[in-house]
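Welcome! Here is a short briefing to read alongside the sequence and the 3D view. Take your time and follow each topic on the screen.

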Amino acid sequence: MSTATQSPETSSIRTEGTHISLSGVTKDYGLERPAVADVDLEIGGGEFVSFLGPSGSGKTTTLNMIAGLETVTRGTVSLDGVDVSHLPAYKRNLGMLFQNYALFPHMTVAQNVAYPLRERKVGRAQIKERVAAVLELVQLTGREAALPKQLSGGQQQRVALARSIVFNPRALLLDEPLGALDKNLRAALQLELRRIHREVGSTFVFVTHDQEEAMTLSDRIVLFREGGVEQVGTPEELYERPNTLFAARFLGDSNTFRVTPGADHVSYGELAWPAVPETVAPGVAEAKSAYVVVRPEHMQVAHDEPVPAGTPSISVRVHDVEYVGSFQRVVARTTDRDELITAKLSPGSATPDVGDEIKLWWRPQSQRIVIP
Ligand code: ADP
Ligand code: MG
């Protein structure tokens, strides 16, 4: 496992990630509906997975059931194939990091980081080596003797991160750990988390309500909605092939049209748009109504020239044209229903004027047909 480029310090913090498996996991507080209901999920060893979803959708509760901080009402949590559903948190030996980093204020950086090792009765020499290795990993070498209050918020969160991985946990559970930081610091720490994930090799489960953060960080995203899993996939899969209106709207900008599905087309009022099979989400064929999703960057403008044959299109009136650096954003309203449409035009494409009546069109392969 260790290679020529890996220093002894680095190899000492490397571990093999735990496979996490949830089966029918439910948390019921006896309220209107369960906080989490019937979650099935497989997280591969060493994967970086994000739990994404709006506030109250069950992300933290699910994470806490993996951690053992919350009991399961029903279902099974397994780590590497071993049922740990009824094992207390400390016996699961997982790393945890939260938004409020809760460092011991009277302890130095080194003492804070060493704490989990002391608790585990690790020998002095090994503690010294491990602490040095993780502080190097989070780029705080030289600050061993500082007290938390002498550090910035970002540095304090790095100390907390170092403390959460110093005992080589095979999985690290992170609940909105960057939530308290400002935008620039957040972006910097996101990059560091990616690097640290690569270097330590353990499984990361990262809770966030920020879709951009989930997209940049994760190998896969688990999208939560009202206590259940809406869809699981790579960031690209979720963006390009959402299965539901909720997923389409939660990840990225989208134009959505309520349509009636047909055999090889969808009807939008008088219009019939072709429906290519690979763009049709599961469940649409049986649904009474569906939505066509078109990302703004897939919209094209037809000025005076006709729209290409067999292509879905819609008539709009241009409301606003914004120049946004690398592209132009056209904001328009459909002429028949007055619905808001946005199109992102690449530089070089002819710009419509405000007030123009134009047609927007898109390739049938670039649309997605989803269930409500
Ligand atoms: P998220 O982390 O996605 O914001 P949570 O997992 O914290 O969501 O909450 C999911 C649902 O469970 C919410 O409706 C919340 O109000 C409810 N909930 C969470 N913890 C408790 C609790 N201890 N008692 C009762 N309801 C709870
Ligand atoms: Mg939460």
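Predicted model: local features only at pLDDT ≥ 70, side-chain atom pairs only at ≥ 80, totals over all residues.

Helices (H or I, at least four residues) and strands (E, at least two) are DSSP runs, numbered from the N terminus. Residues are numbered from 1 along each chain as its sequence is written, and side-chain values use heavy atoms, with hydrogens and water left out.

**A lysine without a partner**

- Lys59 is buried but has no salt bridge. Buried means under 20% relative accessible area, exposed over 50%, and partly exposed in between (1.4 Å probe, protein chains only). A salt bridge is a side-chain nitrogen of Lys or Arg within 4 Å of a carboxyl oxygen of Asp or Glu.
- The nearest side chain of opposite charge to Lys59 is Glu176, 4.6 Å away. For charge, Lys and Arg count as positive and Asp and Glu as negative; His and the chain ends are not counted.
- Leaving aside neighbours within four places in sequence, the contacts of Lys59 (heavy atoms within 4.5 Å) include Glu176, Val207, Thr208 and His209.

- Strand E7 (residues 171–175) is largely enclosed by the rest of the structure, because five of its five residues are buried.
- In a regular strand the side chains alternate between the two faces of the sheet. From E7, Ala171, Leu173 and Asp175 point one way, and Leu172 and Leu174 point the other way.
- E7 pairs with strand E6 (residues 95–98) in the parallel sense, over four bridges. Two strands pair if DSSP finds at least two bridges between them. Across this pairing, Phe98 stands opposite Asp175.
- E7 also runs parallel to strand E8 (residues 203–208), joined by five bridges. Here Leu174 has Phe206 of E8 as its bridge partner.
- From E7 to E8 the chain passes through helix H7 (residues 183–200), in a right-handed β-α-β crossover. Right-handed means that, with the strands pointing away from the viewer, the path from the first strand over the helix to the second runs clockwise.

**An open antiparallel sheet**

- Five strands form an open sheet in the order E13-E12-E11-E14-E20, with antiparallel pairing. Its edge strands, E13 (271–274) and E20 (368–370), each pair on one side only.
- Strand E14 (residues 290–294) meets E20 over three antiparallel bridges, and Tyr291 has Val370 as its bridge partner in E20.

**Salt bridges**

- How many salt bridges does a search of the whole structure find? The search finds twelve.
- Asp210 and Arg186 form one, at 3.7 Å from N to O. This pair links distant parts of the chain, 24 residues apart: Asp210 lies in the loop between E8 and helix H8 (211–217), and Arg186 in helix H7. Asp210 counts as partly exposed because its relative accessibility is 25%, whereas Arg186 is buried at 15%.
- Arg194 and Asp219 meet in another, at 3.8 Å from N to O. Arg194 sits in helix H7 and Asp219 in the loop between H8 and strand E9 (220–225), 25 residues apart. Arg194 is partly exposed at 22%, and Asp219 is partly exposed at 31%.
- Glu230 and Arg225 also pair, at 3.0 Å from N to O. Salt bridges that share partners join Arg158, Glu192, Arg195 and Glu199 into one network.

Definitions and conventions:
Chains lettered and ligands numbered in written order.
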